[in-house]
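This note comments on the structure shown below. Its points are numbered so that each may be checked separately.

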Amino acid sequence: MTEVTASSPSGRAPGIGRFARLESAAGWIVLALIGVCLPLLGDSYIGVIAQRACIYWILCAGLNLIVGYAGQIAIGWVALLTVGAYTTAVLTAGKVMAPWNPFLALIASGVLGAIFGVIVGLPALRLRTFYFAMTTLGFATIVTQVALAWTDVTGGGVGTPGPEFPWPFNPEWGFYYLCLLLAALVTWMSYNIATSRFGRALVAIRDAEVAAEASGIAKPRLLMTVFVFAGAVAGVAGGLFSSLQSYITPDAFTFEISVLFFIGVLIGGRGSIMGPLLGTIILTILPEFAAPLVAWSTFVYAALLLVIVLVIPGGIADLLDYKNRRPLPQHREIVARPELLAHVLEKRPPATIELSDLALHFGGVRAIDGIDLKVNTGEVHGLIGPNGSGKTTTLNVISGYYAPTSGRVRLNGAELPSGAPHLRAAYRIARTFQTPRLIGSASVLDNVMIGGTIDGQGGFTESMLRLPRHHRDEKRLREAAMLALRTVGLESLASVRADRLQHSELRFMEIARALMLRPSFLMLDEPAAGLSAEEIRRLGALVVAISRAGVGVMLVEHHADMIFEVSDRVTVLNLGKVLAAGTPDEIRSHREVVNAYLGG
Ligand code: ADP
Ligand code: MG
């Protein structure tokens, strides 16, 4: 059994003590020291490689949010490096107009990079996986071709010179420190984004899109914001790259570089900053130190990728994550504490969700076929019926995943918009899923904090720069999530990776996430499936307590005993129609229900 130590309703998350902080900072401190002291070696060859590693990482830090966090396969990201490089080179060369200051040109590269980031990113809203990957590749080809053909500006195949940055950034190590400084800045910003509600939302979109939507996360807006950031830093990286190369031609931007960026992030590990940083450094250094390998670089990258995928699918980040290899207690017990619900939930005015003559047909399948039903706050409404009778579909229509074929879903008389599940969270309608939707690689605490995403007040930029509202949001979200975890009895597992949990624990974790919305309505889709008899009893008590705290609970379950024990009203579905509705006692003795469903 796990030890339960905390008793106060609010509390600190585990693992943020001084020692834990130092422990997680240690790697960064070592890297920074190496970075700062590198010029002591005095070797200019190493200097060039180090500059290149910094520049590549500036780009990869942004790409990491797209590939590693949001899970979008962007393999043609070299296009943005090209755009940035030509922008800086052309503006500073003075061939087209009066020469710009290199720093101003660098800013222009960032702006143009941001614009092109959105253009490359837009297809991600419609296309998935390889289809999106192909569009990014296509874009990279277009950019190179334009650079070749637009001879007046880019110099075509002959190329154009890159700028020299003014003193103190022009001697070799001065330029290195400029690159290092920008790399550190971008690392800090991407780390801030990754550890904010926006970073968690990105990972949620990647691993559990429906749960993300149910928590009110709007994918298009979030993705576009991240594409702006990643595009801007890639543009800046391009500007620095043009200075590093001192002369740029279209064939400097090869497919190999693009592959390097992508694989650097992949072997680093998804959802980590340190891992992809190390991955990028390794891939930059590797061909340099093994000169005969230069001609084989694509082969080496591919082989490395294969080995990593086969041997350590989680990448370098997984190797570094020693904390999650510590064994968990064997016989864990979930003891919910319903008495804490008063602190978790908010008193809201009474409300009613009403379904009237609701129908949803999938082609010829009448999944639901004219359902009338009312759920009031403060009561548990049980929904039972044989497999395929339309229970999950009913919840999906209420949560906005499907637009009904006919009929209405109303909240306090006003119709709810359909086909937009991410809008439901604002109505304080929360739900769990028949198959738990977890973000396996994130901690239990992070999984739960996702549920409170819409209550954050700070914007993306505020989080990126760690401004005060970001801190306030994080503190509040973390405390609320710990409280929700304590309420369902999972607080001792808060810092554990969610994919290490048992099935029953995942069910309670989903409830904690739903509670983060401080919902008016909570829809639970078979929460007792896979639970032991004792756990079902505790779940039942928790469900009743949630409803008594003023939440309207809609409970879909196969365990008839539990339904009859905890429900105030029960609706029985069969073939998408209401077979019976009434109090548990009425349903228990309803002839047709007994014959068709309860058996006996
Ligand atoms: P329950 O949750 O009661 O077991 P569901 O609501 O999941 O049942 O399903 C009701 C019926 O609708 C089933 O016949 C199922 O096959 C069908 N159905 C559900 N979702 C879809 C879908 N997306 N496309 C086609 N048919 C579906
Ligand atoms: Mg179902």
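1. The model is predicted: local features need pLDDT of at least 70, side-chain atom pairs count only at pLDDT 80 or more, and totals for chains, interfaces and linings use all residues. Residues are numbered from 1 along each chain as its sequence is written, chains are lettered from A and ligands numbered from 1 in the order in which they are written, and side-chain values use heavy atoms, with hydrogens and water left out.

2. Helices (H or I, at least four residues) and strands (E, at least two) are DSSP runs numbered from the N terminus. Five of the five residues of strand S10 (residues 552-556) are buried, so S10 is largely enclosed by the rest of the structure. Buried means under 20% relative accessible area, exposed over 50%, and partly exposed in between (1.4 Å probe, protein chains only). Gly552, Met554 and Val556 cover one face, while Val553 and Leu555 lie on the other.

3. Two strands pair if DSSP finds at least two bridges between them. Strand S5 (residues 380-384) runs parallel to S10 and is joined to it by four bridges; Gly382 has Leu555 as its bridge partner. Strand S9 (residues 521-525) also pairs with S10 in the parallel sense, over five bridges, and there Leu522 stands opposite Val553.

4. An open sheet of four strands has the order S4-S3-S6-S7, with antiparallel pairing. Its edge strands, S4 (365-376) and S7 (414-415), each pair on one side only. Strands S3 (residues 352-362) and S6 (residues 406-411) share five bridges, and Ser356 stands opposite Arg408 of S6.

5. Thr392 belongs to helix H16 (residues 391-398) and Gln434 to the loop between strand S8 (429-431) and helix H17 (444-449), so the pair ties together parts that are 42 residues apart in sequence. Thr392 is partly exposed at 25% relative accessible area, and Gln434 is partly exposed at 34%.

6. How do helices H11 (residues 255-268) and H13 (residues 297-311) cross, and at roughly what angle? Their axes come within 10 Å and cross at roughly 20°. Axes are lines fitted to C-alpha atoms, for helices over the stretch in contact, and angles run from 0 to 180 degrees between N-to-C directions. H11 and H13 are therefore roughly parallel, a label for angles under 35 degrees, whereas those over 145 count as roughly antiparallel, 65 to 115 as roughly perpendicular and the rest as oblique.
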